[in-house]
Structures are given as C-alpha cells and as structure tokens.
Amino acid sequence: MTAEPHLRPRPLDPASLVVLSLPMHDPRVRPLLDELAVEYDTRYGDLFGRTAAAEELNRYPAAEFEGPHGALLVIQEDGESIAGGAFRRYDETTAELKRIWTHSAHRRRGLGRLVLAELEALAAARGYTRLYLTTGPRQPEAKHLYLTSGYQAQFDLDADPETIGPLAFTKELAPVPRNSRPD
C-alpha cells in the first residue's frame with residue numbers, strides 16, 4: 001500500500017472566477033454567512049456563547065452593505081460561492097471591511113488576497129481613502145493575511161492576542177480621480 005501524496009490546493013485560475021456584487025439576501029451569499037457562523041462558533045463559542053456568531057452576523061442592517069456606501073462581493077468558481085467579503089461606511093473617508101471569507105474547501109489558493117484586492121479597488125473607486133477592519137484574536141491566518149497585504153496593526157504585535165480582544169488594522173488607499181469613479 002502506497003502513501004497518498006500530499007494534496008495541494010488547486011491553483012487559482014482567474015479566468016474561471018466571477019466576482020459578483022450582491023445584496024445580503026441573495027441566496028449566493030448564504031454559503032458565506034453559514035460557514036462564517038460555524039467558524040465563529042468553533043473558534044469563539046466557549047468565549048462568547050453559541051449564539052454570538054448569529055448575533056455578530058446580524059449586527060448590522062443589510063442595507064449598510066449596499067451601494068453607494070457599502071458593498072458585498074462574492075467570488076464564484078463554476079457557479080459555486082467560494083469566497084467573499086463586504087465593506088460598510090465607517091466614516092466619511094473610511095470603509096470598514098467585514099465578512100472576509102474563503103470556503104474551507106478552497107483555502108490556501110490566494111482567494112483571501114483576491115477578495116481584499118477587489119474590496120480595496122471598489123472602496124477606492126467609491127471615494128474612500130482608508131480601510132479599517134478587525135479580526136478576532138483566535139484567527140492567526142487572518143492576522144497574517146492582513147499584515148502581509150499592507151495593513152497596519154493598531155495593536156501591539158508582541159502582546160498575547162487573547163488579552164487584546166478584536167485586532168484592529170488600517171490601510172491607506174490611493175485616491176481615485178473623481179472622473180474615474182463609478183456612479
């Protein structure tokens with residue numbers, strides 16, 4: 001009996017991906033929300049209780065993730081929702097990124113970076129010059145993604161994340177000329 005070779009994630013083929021801007025109630029968003037709830041409950045259920053994930057996912061009205069001040073993007077491959085994220089208005093010049101997600105079967109393919117790039121470009125096109133986000137202390141993969149994607153930690157990187165609570169990050173965006181912005 002031979003050992004099974006190490007399974008590597010399938011390489012990302014940008015030509016096979018479709019980026020959709022969707023309202024929160026669209027059924028293609030459901031996989032994002034369902035898996036985020038499981039992820040949050042798995043990582044934080046003992047800390048915040050088993051209903052905390054649903055409360056967090058319903059914390060903001062769906063309208064906050066719609067244009068012109070917000071957006072919710074889903075990336076599909078072969079008709080399947082495999083990654084996504086959203087932003088909402090934080091203040092006049094800052095968008096807050098929320099719900100950054102990659103389906104568990106599609107991780108380590110570069111989708112998180114792709115989601116960030118799509119959200120950053122859209123936020124800049126909508127006139128935002130700064131991004132803000134938080135991630136939980138039990139999400140080291142997210143912390144690494146943000147640090148390696150040009151986000152600045154707004155906390156002591158040497159501190160125990162469990163003593164900090166939500167880990168805040170910011171990133172400055174290059175302004176987009178007004179005549180280049182979408183309506």
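Predicted model: local features only at pLDDT ≥ 70, side-chain atom pairs only at ≥ 80, totals over all residues.
Figure 1. Strand S2 covers residues 71-77, and strand S3 covers residues 80-91. The two strands run antiparallel and are joined by seven bridges. Together S2 and S3 make a hairpin, with two residues between them. What is the phi of Asp78 in the turn? The angle is positive, about 55°.

Figure 2. Arg89 finds its bridge partner in S4, at Ala95. Two residues lie between S3 and S4 in this hairpin. Strands of a sheet pair through backbone hydrogen bonds, either parallel or antiparallel.

**Figure 3. Strands S4 and S5 run parallel.** Three bridges hold the S4 and S5 pairing, and its sense is parallel.

Figure 4. In what order do the strands stand? The order is S1-S2-S3-S4-S5-S7-S6, and the pairing is mixed. Strand S1 (17-21) and strand S6 (152-153) stand at the edges. Each has a single partner strand, so one side of each has no neighbour in the sheet. In a regular strand the side chains alternate between the two faces of the sheet.

**Figure 5. Helix H3 lies across the sheet.** Which strands does H3 lie across? They are S1, S2, S3, S4, S5 and S7. The helix runs at about 40° to S3.

**Figure 6. Glu120 and Lys171 pair between helix and strand.** Their side chains meet in a salt bridge, 3.2 Å from N to O. Glu120 belongs to helix H3 (residues 111-125), and Lys171 belongs to strand S7 (residues 167-172). The pair links distant parts of the chain, 51 residues apart. Are these two residues buried or exposed? Glu120 is buried, because its relative accessible area is 14%, under the 20% cut-off. Lys171 is also buried, at 17%.

**Figure 7. Glu172 and Arg130 join two strands.** The side chains of Glu172 and Arg130 form a salt bridge at 3.3 Å, N to O. Glu172 sits in strand S7, while Arg130 sits in strand S5 (residues 130-135). This pair, too, links distant parts of the chain, with 42 residues of separation. Glu172 is exposed, with a relative accessible area of 57%. Arg130 is partly exposed, with a value of 26%. Elsewhere, salt bridges with shared partners join Glu39, Arg43, Arg107 and Glu141 into one network.

Figure 8. A salt bridge connects Arg30 to Asp34, with the closest N and O atoms 2.9 Å apart. Both residues lie in helix H1 (residues 30-48). Four residues separate them, about one turn of the helix. Arg30 is partly exposed, with a relative accessible area of 45%. Asp34 is partly exposed as well, at 40%. Side chains of opposite charge can pair when their charged atoms come close. How many salt bridges does the model hold? The count comes to 13.

Notes: Residues numbered from 1 in each chain as written. Heavy atoms only, no water. Salt bridge = Lys/Arg side-chain N within 4 Å of Asp/Glu carboxyl O. Buried < 20%, exposed > 50% of the residue type's maximum accessible area, 1.4 Å probe, protein only. Pairing = 2+ DSSP bridges. Contact = heavy atoms within 4.5 Å. Axes fitted to C-alpha atoms, helices over the stretch in contact; angles between N-to-C directions.
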